[in-house]
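Hi,

Here is the structure I promised to pass on. Have a look at it first, and then read my notes below.

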Amino acid sequence: MDTPFIEAKPILEKLHKAGYEAYYVGGAVRDYLLKRKIGDVDIATSAKPYEVQDLFSKTIDVGAKHGTIIVLHKNIPYEVTTYRTESEYEDYRRPKKVSYITSLKEDLRRRDFTINAMAMGIDGEIQDYFNGKAHIKAKLIQTVGSPSERFTEDALRMLRAVRFISQLDFTLCPRTIEAIKEHIQLLNVISVERKTIEMEKLLKGMNIKTALHMIVETNLNKYLPGLDMKKQELRLLATYNMQLLETNEELWTLLTFFIKPTRIDHFLREWKLPVKLIKSVEKNIHLLTILQQNPWSDLLLYEAGYETALSVERLRTVMTKPDELKANINKIKHSFSQLPLQSRDQIAVKGHEVIQTLNKTPGPWVSKAISEIEKAIVTKKLANNSSAIKEWLMSCKQDFEQNY
Ligand code: ATP
Ligand code: MG
């Protein structure tokens with residue numbers, strides 16, 4: 001058994017000792033059978049949420065009314081969810097009623113796809129009531145039960161299906177594709193937050209190409225923020241090797257670069273992405289646009305900063321000559337190491353010395369003066385040593401007096 005399961009084992013043992021059933025379930029079991037890296041280990045149990053809370057000393061109530069309690073074990077959080085059924089789904093997204101049950105099989109039945117509806121016991125035995133193993137072998141994403149019914153209950157499952165195409169390099173059978181096409185407009189009621197979680201997993205997937213084509217084929221793009229009317233752009237994006245990208249920021253940058261929204265910030269805010277990520281994407285796109293006309297200069301490299309420069313070079317190369325990625329990245333690393341300055345704190349004079357040298361009252365001009373020094377050093381007009389900088393400051397004194 002893989003380490004993440006062994007680490008979670010004491011939780012299952014404790015539940016067993018108290019007389020409850022407990023299994024590993026969902027994505028972890030699927031990934032174990034696929035020999036993929038295992039993410040979060042989720043646990044299903046016959047114990048009720050309050051019983052789980054009573055049994056463990058460190059718990060967090062994240063959704064007791066839906067049956068989920070987080071148990072912290074050796075600082076790792078585990079979602080422990082009571083066996084439940086969901087019934088009478090409200091407006092294609094929420095179960096109206098969650099009932100606790102005693103049957104593992106019925107708990108697995110409410111799950112989205114057969115590959116996600118398996119459980120594994122503490123002894124490693126797999127409980128597979130819905131052909132999950134066979135579908136893993138056939139690389140098939142198939143709903144537990146009728147796709148039409150399951151997509152009508154919770155429309156997000158349609159986007160999840162396409163996310164698994166990308167993540168696992170699996171396929172959908174024609175009946176499932178037809179059901180998605182038929183029910184796709186139900187995605188209108190799904191919250192952006194839920195869509196964004198799936199989209200990020202989709203963008204990171206190994207078979208994003210097929211997933212993007214499936215988005216276009218099923219009209220899913222109409223129900224994703226800012227992607228309506230962008231089929232052509234998504235087809236073009238699918239021709240690039242996105243697996244070469246390394247960070248979330250890079251993936252969103254490439255998507256945004258091809259979508260060409262009128263306002264980058266508006267587009268990304270519609271996806272409710274964090275401000276920090278939005279700022280990075282804006283910076284990346286600004287640099288990419290400059291690099292379409294000009295090569296990297298020392299100043300551009302410096303102003304980008306090390307990590308951003310590498311990201312932007314990765315993006316630029318993926319869009320132009322992906323075969324040269326390694327060489328280009330090494331070139332940037334080398335050029336950066338050769339810059340006369342890698343960051344502002346390496347400048348040989350500090351603010352108070354600038355003030356002393358020019359004999360002026362401190363004010364916002366100091367930071368501007370340091371920016372000028374910085375620029376002059378990076379562009380090799382000025383050596384980075386204290387006396388050279390002071391001399392240079394004196395020679396520019398008049399400029400500072402007029403402009404700052
Ligand atoms: P990943 O490894 O990428 O997290 P995952 O399969 O664990 O994939 P989660 O979104 O973490 O996906 O969901 C955990 C499990 O909960 C799934 O494996 C599935 O059994 C069930 N599940 C999640 N979302 C749904 C849904 N919308 N409808 C039915 N079952 C779901
Ligand atoms: Mg998961």
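**Helix 12 and its partners**

Helix 12 and helix 16 cross in a right-handed way (right-handed if the near helix is turned clockwise from the far one by less than a right angle, left-handed if anticlockwise). Before I go on: this is a predicted model, where local features need pLDDT of at least 70, side-chain atom pairs count only at pLDDT 80 or more, and totals for chains, interfaces and linings use all residues. Residues are numbered from 1 along each chain as its sequence is written, while chains are lettered from A and ligands numbered from 1 in the order in which they are written.

Helix 16 covers residues 306-320, and its axis comes within 10 Å of that of helix 12, at a crossing angle of roughly 45°. Helices here are DSSP runs (H or I, at least four residues), numbered from the N terminus. Axes are lines fitted to C-alpha atoms over the stretch in contact, with angles from 0 to 180 degrees between N-to-C directions. Helix 12 and helix 16 are therefore oblique to each other (under 35 degrees counts as roughly parallel, over 145 as roughly antiparallel, 65 to 115 as roughly perpendicular and the rest as oblique). On the helix 12 side, Glu249, Glu250, Thr253 and Leu254 meet Ser311, Arg314 and Leu315 of helix 16; contact means C-beta atoms, placed from the backbone, within 7 Å. That contact splits into 2 nonpolar, 2 polar and 3 charged residues. For the classes, Ala, Val, Leu, Ile, Met, Phe, Trp, Tyr, Cys and Pro are nonpolar, Asp, Glu, Lys and Arg are charged, and the others, Gly among them, are polar.

Helix 12 (residues 248-259) also packs on helix 14 (residues 275-291), at about 60° and with the axes 9 Å apart. That angle makes helix 12 oblique to helix 14, and this crossing is right-handed. Among the residues that meet here are Trp252 and Phe257 from helix 12, with Leu277 and Ile285 from helix 14. By class there are 6 nonpolar, 5 polar and 1 charged residues in the contact of helix 12 with helix 14.

**Helices 18 and 19**

Helix 18 (residues 351-358) and helix 19 (residues 365-378) have axes that come within 10 Å and cross at roughly 100°, so the two are roughly perpendicular. Gly351, Val354 and Ile355 of helix 18 meet Val366, Ala369 and Ile370 of helix 19. This contact has 5 nonpolar residues, 1 polar and no charged.

**Domains and ligand**

The domain assignment of the chain gives domain 1 (1-132), domain 2 (139-239), domain 3 (240-339) and domain 4 (345-403); such bounds come from an automatic or database assignment. Domain 2 and domain 3 have C-alpha centres 26 Å apart, and 16 residues of domain 2 are in contact with 15 of domain 3. On the domain 2 side, helix 9 (192-203) and helix 11 (231-237) each supply at least two residues, and helix 9 gives the most, with 5 residues.

Where does ligand 1 lie? Domain 1 and domain 2 both give residues to its shell, so ligand 1 lies between them. The residues around ligand 1 include Asp42, Arg111, Asp112, Asp154, Arg157 and Lys201 (C-beta atom, placed from the backbone, within 6 Å). By class, this shell has 2 nonpolar, 4 polar and 6 charged residues.

Key
Contact = placed C-beta atoms within 7 Å.
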